[in-house]
Amino acid sequence: MNPERIYRRVAVFGGVYSNYLALEATLEDARQRDVEAIFCLGDMGAFGPHPDRVFPLLREAGVLAIQGNYDDSMAAGKEDCGCGYTDPRDNHFARISYEYTFKNTSAENKAWLGTLPKQRRIRLGKHRVLMCHGSPRTVNEFLWESTTPNGLLARFMRDFHTDAILCTHTGIKWQRILPDGKQVVNVGAIGRPENDGMTNVWYTVLTSGDDLHVEFAPVHYDHETLAREMEMEGLPPEFIETIRTGWWTTCLEILPAKERARGKH
Amino acid sequence: MTTPTVPFRHLATLWIQVTGTWCNLQCAHCINSSGPTDPWLKSLDTRTVKRYIHEAEDLGVKEIYFTGGEPFLHKDILELLAFSLAVAPTTVLTNGTKITEAVADSLADLARKSPYSLEIRVSVDDIDPDRNDRIRGKGALAKAVRAIRLLYARGLLPILTATEILQAEMPEGNGMYDRFRDFLLTQGIAKPRVKIIPVFPIGRMAQEGGGLLTEEMLRGYDFSLLQCTETRVVADGGVYCCPILAGLKEARLQERGLKESLTSCRLYHTACVTCYQTGMTCKNF
């Protein structure tokens, strides 16, 4: 097994969802925070316009990415995104998004998605860190704050021999410190705002120390330009409304009660 | 012919058949023939339920579900929900008839105090009172809708859960899902949540001579689509492989311990074909 690389400070983001403007802004923000490496937890496509635009940005910045369910589906030419929705409304919008993204992503970029690892392990100082997309056991498992019990997280730490787990997939950030000091961080997503009425997105900066220090960093970007481009591409008005208002209008049915109650729709 | 088996993956959901088959309704399609008299499956006592919840926590359970029968007939249901919500996100499946203002207040209080989500699924089969009540009993729709409104007014977001039993009688146009959703919107439920489930050939809908799964049918099949790979049910008599088959002797895996029940189970029932064909899960999502 390769020894895990040891870092002092890293930036981690998830869920790009073709939002290349937010990606540019995130990379710029991370560079100014003295990070040694930038990681992406997957799902490059979906939701936004011109999916090919994110790939050169990721490569030029040397982003160390893993594969999300979307990336796996795109690379393998699957029929759907494998997002894990069960509700008809959620699946309706997921289908529109996947068809657009699949059609507008080059073969070269799809092949690149197929080369990404499923997970990564690093060390932040003394802390062993496992990066995954959904959960350590399933790529499209939703780890929402209100549906992820401490008993399950303790089990993950034991089964996967780690001190910290970083994940994404849900699109809403959260952090939990377990009684033994181990941590789980859902780093959120930079592709769409997190259903709080704000148009900015979020990523995470982690710094080593006695305790692992976690900072959620807001990213403001030119969301109006993105919205206009989405209109030009004929993407659903519901998607565009989310970019302009910060409230989710689609893929809402998968939200647990607490998270759903906080949103407008 | 050999009965196929399905491997176990991990314990994601624990179901607790807290009132056995004791219910104040007697629905025509009930999967376990629940009713008000002589339940064939007894309620679980409070201590037993807490013991199983503790064990499930150690095993890394992700979600806990209370079902029956009608869970709100259990004398300690609110205490049990509070206990469960301290451990994991918790869902209760109900016909809504016992949800008074006071009960709704208590549930809202429980939800507020827990870091985990409390989900309440209220069963309805149609928005037309005559058709619904033909399946579920006189006055059932009005009581269920009242429960949904009481819960929603307190910030809870109940999930209307319906079977497809009346699908053939639905008017042309919108599908069942949109019909329920639109109905909830007219009731002032601005965040309507709907789950539709198939009718199972079991309980009061049992059929003679239904088909069974074969190993041939399961060749190359993604077993993770079957909920019995990640769920267990505790009910009178022990631990069973899934919520649909709970209480049936052939589906029993253990008399006591949850941990010992995390093994492969047999897909022996015609109801297993329904899960196989529809990708059905009893989970919320």
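Helix α1 of chain A, residues 20-31, has 12 residues and reaches 17 Å from its first C-alpha to its last, close to the 16 Å expected at 1.5 Å a residue (1.5 Å times one less than the number of residues). This is a predicted model, in which local features need pLDDT of at least 70, side-chain atom pairs count only at pLDDT 80 or more, and totals for chains, interfaces and linings use all residues. Residues are numbered from 1 along each chain as its sequence is written, and chains are lettered from A and ligands numbered from 1 in the order in which they are written.

**Helix α1(A)**
- Buried residues of α1(A) include A:Leu23, A:Leu27 and A:Ala30 (buried: 20 or more other C-beta atoms within 10 Å; exposed: 12 or fewer; partly exposed: in between; C-beta atoms placed from the backbone).
- The buried residues of this helix pack against β2, β3, α2, β10, β11 and α7 of chain A (helices are DSSP runs of H or I, at least four residues, and strands runs of E, at least two, numbered from the N terminus).

**Contact between the chains**
- Chain A has 17 residues in contact with 23 residues of chain B (contact: C-beta atoms, placed from the backbone, within 7 Å).
- On the chain A side, α6 (150-159) and α9 (257-262) are the elements that give two or more residues, and α9(A) gives the largest share, 4 residues.

**B:Gln254**
- B:Gln254 is found in strand β10 of chain B, residues 252-254.
- B:Gln254 is partly exposed because 17 other C-beta atoms lie within 10 Å.
- Leaving aside neighbours within four places in sequence, B:Gln254 is in contact with B:Gly238, B:Val239, B:Glu260 and B:Ser261.

Notes:
Contact = placed C-beta atoms within 7 Å.
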